[in-house]
Amino acid sequence: MSVGLYKYNGDIYHDAKEILSENIASQRIYEKYLKPAIKELNIYYFQDGGEIKKENLDSVIVELESLIKWIKDNVEGSEREYLIRNLENSKKVILESAKQDGVFYIF
């Protein structure tokens, strides 16, 4: 399993179709690194089960930048590069799609 960033063309709970899917991390890497970072940094939006709305965008970007810094300071090797690449990509995707209505989901 893995944790990803998703967007749908409608209400996720009522027959919506997936229009965006971006990998954040494998479940193992999420549990090992991101979950402790999220707890330590008091991350609210950018976590498993999170919903990101247009009005939360500024806070989400701050959270992502905090997570990226935490990864740079606390993770080494290929897992570090993997997480930084995926978090930077998630940030880019969110910023590019933020002008459109809708909600991003993380699960």
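The model is predicted, so local features need a pLDDT of at least 70 and side-chain atom pairs count only at pLDDT 80 or more, while totals for chains, interfaces and linings use all residues. Residues are numbered from 1 along each chain as its sequence is written, and side-chain values use heavy atoms, with hydrogens and water left out.

Helices (H or I, at least four residues) and strands (E, at least two) are DSSP runs, numbered from the N terminus. Helix α1 covers residues 27-41, which is 15 residues. From its first C-alpha to its last, α1 reaches 19 Å, close to the 21 Å expected at 1.5 Å a residue. The expected span of a helix is 1.5 Å times one less than its number of residues. At Leu34, α1 bends by about 35°, and a proline, Pro36, follows within four residues. The bend at a residue is the angle between axes fitted to the seven residues ending there and the seven starting there.

The buried residues in α1 are Ile29, Tyr30, Tyr33, Leu34, Ala37 and Ile38. Buried means under 20% relative accessible area, exposed means over 50%, and partly exposed lies in between (1.4 Å probe, protein chains only). The elements that cover these buried residues of α1 include β1 (2-8), β2 (18-26), α2 (57-74) and α3 (77-97).

Helix α2 has 18 residues and spans 25 Å between its first and last C-alpha, close to the 26 Å expected at 1.5 Å a residue. Leu57, Val60, Ile61, Glu63, Leu64, Leu67, Ile68, Trp70 and Ile71 are buried in α2. These buried residues pack against α1, β3 and α3.

## How the helices pack

Two packed helices are described by the angle between their axes and the distance between the axes. Axes are lines fitted to C-alpha atoms, for helices over the stretch in contact, and angles run from 0 to 180 degrees between N-to-C directions. The table gives the values for each pair.

| Pair | Angle between axes | Distance between axes |
|---|---|---|
| α1 and α2 | about 120° | 10 Å |
| α2 and α3 | about 165° | 10 Å |
| α1 and α3 | roughly 90° | within 12 Å |

Angles under 35 degrees count as roughly parallel, over 145 as roughly antiparallel, 65 to 115 as roughly perpendicular and the rest as oblique. With an angle of about 165°, α2 is roughly antiparallel to α3. Helices α1 and α3 cross at roughly 90°, which makes α1 roughly perpendicular to α3. The helices α1 and α2 are oblique to each other.

The crossing of α2 and α3 is left-handed, whereas that of α1 and α2 is right-handed. A crossing is left-handed if the near helix is turned anticlockwise from the far one by less than a right angle, and right-handed if clockwise.

Contact means heavy atoms within 4.5 Å. Between α1 and α2, Tyr33, Leu34, Ala37, Ile38, Glu40 and Leu41 of α1 meet Ser66, Leu67, Trp70 and Ile71 of α2. Towards α3, the α1 residues Arg28, Ile29, Lys32, Tyr33 and Leu34 meet Glu79, Tyr82, Leu83 and Leu87. Among the α2 residues that meet α3 are Leu57, Val60 and Ile61, and their partners in α3 include Arg80, Leu83 and Ile84.

Ser90 lies in helix α3 and counts as buried because its relative accessibility is 0%. Apart from neighbours within four places in sequence, Ser90 is in contact with Leu5, Asn23, Ile24 and Phe46.

Lys72 is placed in helix α2 and, at 41% relative accessibility, counts as partly exposed. Not counting residues up to four places away in sequence, Lys72 touches Arg80 and Ile84. Lys72 and Ile24 are 48 residues apart along the chain, and their C-alpha atoms are separated by 16 Å.

Glu51 belongs to strand β3 (residues 51-52) and is partly exposed, with a relative accessible area of 32%. Val103 is 52 residues from Glu51 in sequence and 6.4 Å from it in space, C-alpha to C-alpha. Leaving aside neighbours within four places in sequence, the contacts of Glu51 are Tyr13, Tyr45, Val103, Phe104 and Tyr105.

Although Asn42 is not a glycine, it has a positive phi of about 55°. Asn42 is exposed, with a relative accessible area of 64%.
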